[in-house]
Amino acid sequence: MTSLALRVASAAPGTDAEVADAATVVNRYFTTALPKHVEDEDDSIRPRLLAVGVSDEVERALAVMTTEHGSIETVIAEVAPLWQELARDPGRRVALRKQLHSAGTRIDELFRAHLVPEEKLIFPTMRRLRASLSPPPRS
């Protein structure tokens with residue numbers, strides 16, 4: 001989804017309708033779907049792993065994961081109004097391009113750094129300890 005956020009900010013060809021649709025999709029993902037993912041990681045995965053006891057390395061990765069979520073949320077809070085404006089008025093793409101590109105690049109950088117320990121350390125630990133983990137909390 002970060003690639004679509006960067007494409008919305010680019011000079012790539014697209015009709016106003018395509019630009020508006022892409023801005024809507026990006027905004028919806030980052031403001032609706034991603035927060036649910038973050039909540040699952042912070043409120044379900046992290047406490048369940050900590051409850052069964054994990055290595056210091058995994059514990060540090062879990063703490064960093066939560067901190068990074070805050071950094072990602074901060075950038076999203078700054079750029080979401082721009083995506084919403086672009087969805088309403090795709091003709092503003094050129095005027096918003098610099099801000100959209102800067103925020104999209106920052107989100108992409110944050111995600112690239114964020115996903116490495118999740119994929120290489122946290123998720124494999126979850127799979128390895130699956131039988132020991134308590135069931136996820138019910139909403």
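How many cavities of 30 Å³ or more does a search of the whole structure find? The search finds one, where a cavity is a set of points on a 1 Å grid over the protein atoms alone at which a 1.4 Å probe fits but cannot get out. The model described here is predicted, and its local features need pLDDT of at least 70, side-chain atom pairs count only at pLDDT 80 or more, and totals for chains, interfaces and linings use all residues. Residues are numbered from 1 along each chain as its sequence is written, and side-chain values use heavy atoms, with hydrogens and water left out.

## Overall fold

The protein chain has four helices and zero strands, and its pattern along the sequence reads α-α-α-α; helices (H or I, at least four residues) and strands (E, at least two) are DSSP runs numbered from the N terminus. Its C-alpha trace spans about 55 × 30 × 20 Å along the principal axes. Of the 139 residues in the protein chain, 39% are buried, where buried means under 20% relative accessible area, exposed over 50%, and partly exposed in between, with a 1.4 Å probe and protein chains only. The chain exposes about 8100 Å², of which carbon and sulfur atoms supply 54%; accessible areas come from the Shrake-Rupley method with a 1.4 Å probe, and for residues only the protein chains shown count as cover. Among contacts with a separation of 6 or more, residues 24 or more positions apart account for 77%, a contact being heavy atoms within 4.5 Å.

## The cavity and its lining

Rolling a probe the size of a water molecule over the atoms shows where empty space is left. The largest cavity holds about 50 Å³ of space, a volume being the space filled by probe spheres set on the points, with grid points joined across faces, edges and corners. Its lining consists of Leu34, His37, Val38, Glu41, His69, Ile72, Phe111, His114, Leu115 and Glu118, lining residues being those with an atom within 4 Å of a point. Helix H2 (16-52), helix H3 (56-88) and helix H4 (93-129) are the elements that give two or more residues to this lining. By class the lining has five nonpolar, three polar and two charged residues; Ala, Val, Leu, Ile, Met, Phe, Trp, Tyr, Cys and Pro count as nonpolar, Asp, Glu, Lys and Arg as charged, and the others, Gly among them, as polar.

Isoleucine 72, one of the lining residues, is found in helix H3. Leaving aside neighbours within four places in sequence, isoleucine 72 is in contact with Leu34, Leu110, Phe111 and His114.

## Nonpolar cores

The largest nonpolar core has 24 residues, and those with the most contacts inside it are Phe30, Trp83, Leu100 and Ile107; such a core is a set of buried Ala, Val, Leu, Ile, Met, Phe, Trp, Tyr and Cys residues joined through side-chain atoms within 4.5 Å. Helix H1 (2-9), H2, H3 and H4 each give two or more residues to this core, and H3 gives the most, with eight residues. Apart from it lies another core, of 13 residues, including Leu49, Met65, Ile122 and Met126.

Neighbours within four places aside, phenylalanine 30 is in contact with Met1, Thr2, Ala5, Pro35, Ile76, Trp83, Ile107 and Phe111. Leucine 49, in helix H2, touches Val54, Leu62, Ile122, Thr125, Met126, Leu129 and Leu133, not counting residues up to four places away in sequence.

## Individual residues

Asparagine 27 also lies in helix H2, and, not counting residues up to four places away in sequence, asparagine 27 touches Thr32, Ala80, Trp83 and Gln84. Arginine 7 is placed in helix H1, where, with neighbours within four places left aside, arginine 7 is in contact with Ala12, Pro13 and Arg93. Glutamate 119 has its place in helix H4.

| Residue | Relative accessible area | Class |
|---|---|---|
| Asparagine 27 | 12% | buried |
| Isoleucine 72 | 4% | buried |
| Leucine 49 | 0% | buried |
| Arginine 7 | 46% | partly exposed |
| Glutamate 119 | 48% | partly exposed |

Some C-alpha separations complete the picture. Isoleucine 72 and alanine 61, 11 residues apart along the chain, are separated by 16 Å, while leucine 49 and glutamate 59, 10 residues apart in sequence, are 8.4 Å apart in space. Arginine 7 and glutamine 84 are 77 residues apart along the chain and separated by 15 Å, and glutamate 119 and alanine 23, 96 residues apart in sequence, are 28 Å apart in space.

Notes:
On a 1 Å grid over the protein atoms alone, a cavity is a set of points where a 1.4 Å probe fits but cannot get out, and a pocket is an open set with protein on both sides within 12 Å along at least five of seven lines; lining residues have an atom within 4 Å of a point.
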